[in-house]
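Morning, everyone. I'll take a few minutes to walk through one model.

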Amino acid sequence: MDRIRIVGGQKLNGTIPISGAKNATLPLMIASLLTQDTLILENVPRLADVVLLQRILGNHGVDVMIAGKRRESEPNTGRTIHLSAANIVDTTAPYDLVSQMRASFWVIAPLVARMGQARVSMPGGCAIGTRPVDLLIMALSDLGADIEIEAGYVIARAKNGLRGGKVVFPKVTVGGTHTAIMAASLARGTTEIENAAREPEVVDLADCLNKMGAKITGAGTARIVIEGVDKLNGARHSVLPDRIETGTYAMAVAMTGGDVLLQNARPELLQAAFDIIGRTGATVTPTNEGVRVARNGGDIQPVDVSTAPFPGFPTDLQAQLMALTSRANGTSHITETIFENRFMHVQELARLGARIRLNGDTATIEGVSRLRGAPVMATDLRASVSLVIAALAAEGETTVNRVYHLDRGFEKLEAKLGACGAQIERLSV
Ligand code: EPU
């Protein structure tokens, strides 16, 4: 298993190109199931999750074609992929595939909308426990699907097609909103979604679906209205830049000091995070090419932050902010309001010398003047990258184990940081 070795202490200076967003790419790829025509996605990041979803879609009969290198193609632009679901040959998404990536559960929506049936494994262990899918099922049922749960599978049926309806989410859910939008696009009549997720990735999905002939208005607000159509067509769509990758590298610069242009980043996609990064003492300047983040001298200042659905501070940047504040000049508080148990990085950051106390959903981070390198490992994607950020500022050597978590969501991490002066390398075993 690969590991990443980092020798901390270098400032970051240079340019980091921001890739297409993982969390937009996944629902966009899934949307290809809604049409017999070809959906062409540009700016697709090279990530393990994308490869896994190609396999999952392939199992349903989707042909995935990845364009080869072009003479004019720049090394830092994402790939173009063609997805063609001309014939759906299987409406079952099996446990061994769905259990590896929660988002793959979302195939249930286009499958039942287009084929009138879907049988999709619950994502991971006890799915009606900590990361449930009850609200996704509620949305499909509001649109007329009959739902049965049998032997770990959710079976959705709509023999005569789905019908428009009112979906009122009791809690903001990104996956629930993606599911409802995809299902409603091919339903008979009009659907209203209330308390919809306002995340930029929802807007990107709606934009792409509208190019495919859907009639969606209000994406990006809490009320989305969808007039169902009989059929969707192919389209060409470029994936929006990854706001979590952007925020992650911004925090890395705020941590080490230096000056980096985050190329292609769109500041309006993460205003709340940039405000916080500014309060920690870094300067954030939008430019024509992206966003410049710098910290030259001065301490890292402590902050108090709660995660929240968009436009609030994203849960997917919580671990990275914890790494950054671990070296602040004072005490910070970070409250996690989206997921119950997203603090797996705390004990690993402690190995590097961070002082963090947990009390329910709130972490109290007492800043320390120095961190020291150590072997660490993490259990999820964002937690792993928080360890990378801490390691970049730690004295001596850190090895981050279980690098496959990073490969799920960060394209060319070592190359991007290495190009800005970080001492970072992958050790392949
Ligand atoms: N929830 C329910 N019932 C449901 C669905 C969700 O109770 O049926 C709860 C969840 O347990 C959670 C909250 O609602 O407490 C929000 O979950 P949401 O559905 O919004 O999350 P998701 O769609 O499963 C996406 C991202 C996550 C990101 C969250 C929140 C993708 C592929 N995943 O997950 O990203 O943390 O939204 O913004 O888009 C990551 O990239 O590392 C990641 C975990």
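Elements first: helices (H or I, at least four residues) and strands (E, at least two) are DSSP runs, numbered from the N terminus. This is a predicted model: local features need pLDDT of at least 70, side-chain atom pairs count only at pLDDT 80 or more, and totals for chains, interfaces and linings use all residues. Residues are numbered from 1 along each chain as its sequence is written, and side-chain values use heavy atoms, with hydrogens and water left out.

Now the ligand. How many residues surround the ligand? There are 24, and the closest are Asp134, Leu135, Thr173, Asp316 and Ile338. Here, near means that a heavy atom of the residue lies within 4 Å. Which element gives the most to this shell? That is α5, with three residues.

By type, the shell divides into eleven nonpolar, five polar and eight charged residues. Nonpolar covers Ala, Val, Leu, Ile, Met, Phe, Trp, Tyr, Cys and Pro; charged covers Asp, Glu, Lys and Arg; the others, Gly among them, are polar.

Next, polar contacts, meaning pairs of N or O atoms within 3.5 Å. The side chain of Asp134 has an N or O atom 2.7 Å from a nitrogen atom of the ligand. Val174 uses a backbone N or O atom, 2.7 Å from a ligand oxygen atom. Pro132 also uses a backbone N or O atom, at 3.3 Å from an oxygen atom of the ligand. Taken alone, the ligand exposes 830 Å², and the protein buries 90% of that. Those areas come from the Shrake-Rupley method with a 1.4 Å probe. Elements giving two or more residues to the shell are α1 (22–31), α5 (134–142), α6 (174–185) and α12 (381–393).

On to helix α2, residues 48–60. Its 13 residues should span 18 Å at 1.5 Å a residue, and the end C-alpha atoms are 19 Å apart, which agrees. The expected span is 1.5 Å times one less than the number of residues. Buried residues in α2 include Asp49, Leu53, Ile56 and His60. Buried means under 20% relative accessible area, with a 1.4 Å probe and protein chains only. After α2 comes Gly61, with a positive phi near 110°.

Last, strands. Two strands pair if DSSP finds at least two bridges between them. Strands β3 (residues 38–44) and β14 pair in the parallel sense over four bridges. Ile40 stands opposite Arg236 in β14. Which face of β14 is covered? The one with Ala235 and His237; Arg236 and Ser238 are on the uncovered face.

Terms used: Buried < 20%, exposed > 50% of the residue type's maximum accessible area, 1.4 Å probe, protein only. Polar contact = N/O pair within 3.5 Å; in protein donor to acceptor, adjacent residues only side chain to side chain.
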